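Welcome! Take a moment to look over the protein shown here, and then follow this short briefing through its main features.

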Amino acid sequence: MNIKPLADRVLVLPAPAEEKVGGIIIPDTAKEKPLHGKIVATGKGTKDDEMVLKEGDEVLYGKYSGTELEYEGQKYLMMRQSDVLAIIEG
């Protein structure tokens, strides 16, 4: 990964949106934004807030969290560690 977040930011690869529900294909305009994804890069944290997230963590985040960006054809979200609501374990 050539993108390295600074300070308390993380780069998240959102989970793919649902394509079908019960045999009905959902058009792109009606798909809900996924609210979970995988951390692919992290900053080092700040002097006040240590980085507790790590690469590979599956996380939940708010619906309007982060800034969307596209790199080499893949869409990512850049957000602060505090925008992450929970780590999915298991």
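Where is G43 found? In this predicted model, G43 sits in the loop that links β4 (36-42) and β5. Let's start with the whole protein and then come back to that loop.

**The whole protein**
- The protein has eight strands and zero helices.
- Reading from the N terminus, its elements follow the order β-β-β-β-β-β-β-β.
- Out of the 90 residues of the protein, 32% count as buried.
- Of the contacts with a separation of 6 or more, 62% join residues 24 or more positions apart.

**G43 and its surroundings**
- G43 counts as buried because its relative accessible area is 6%, and the cut-off for buried is under 20%.
- Setting aside neighbours within four places in sequence, G43 touches P5, L6, A7, R9 and M51.
- K54 is 11 residues away from G43 along the chain, and the C-alpha atoms of the two are 9.2 Å apart.

- L60 belongs to strand β5, which covers residues 58-61.
- With a relative accessible area of 35%, L60 is partly exposed, since that value falls between the 20% limit for buried and the 50% limit for exposed.
- Together with L85 and I88, L60 makes a nonpolar surface patch of about 280 Å².

Methods. Residues are numbered from 1 along each chain as its sequence is written. This is a predicted model: local features need pLDDT of at least 70, side-chain atom pairs count only at pLDDT 80 or more; totals for chains, interfaces and linings use all residues. Side-chain values use heavy atoms; hydrogens and water are left out. Patches are made of residues with over 30% relative accessible area and no salt bridge: like charges are joined within 9 Å, nonpolar side chains (Val, Leu, Ile, Met, Phe, Trp, Tyr) within 5 Å. Accessible areas come from the Shrake-Rupley method with a 1.4 Å probe; for residues, only the protein chains shown count as cover. A salt bridge is a side-chain nitrogen of Lys or Arg within 4 Å of a carboxyl oxygen of Asp or Glu. Helices (H or I, at least four residues) and strands (E, at least two) are DSSP runs, numbered from the N terminus. Buried means under 20% relative accessible area, exposed over 50%, partly exposed in between (1.4 Å probe, protein chains only). Contact means heavy atoms within 4.5 Å.
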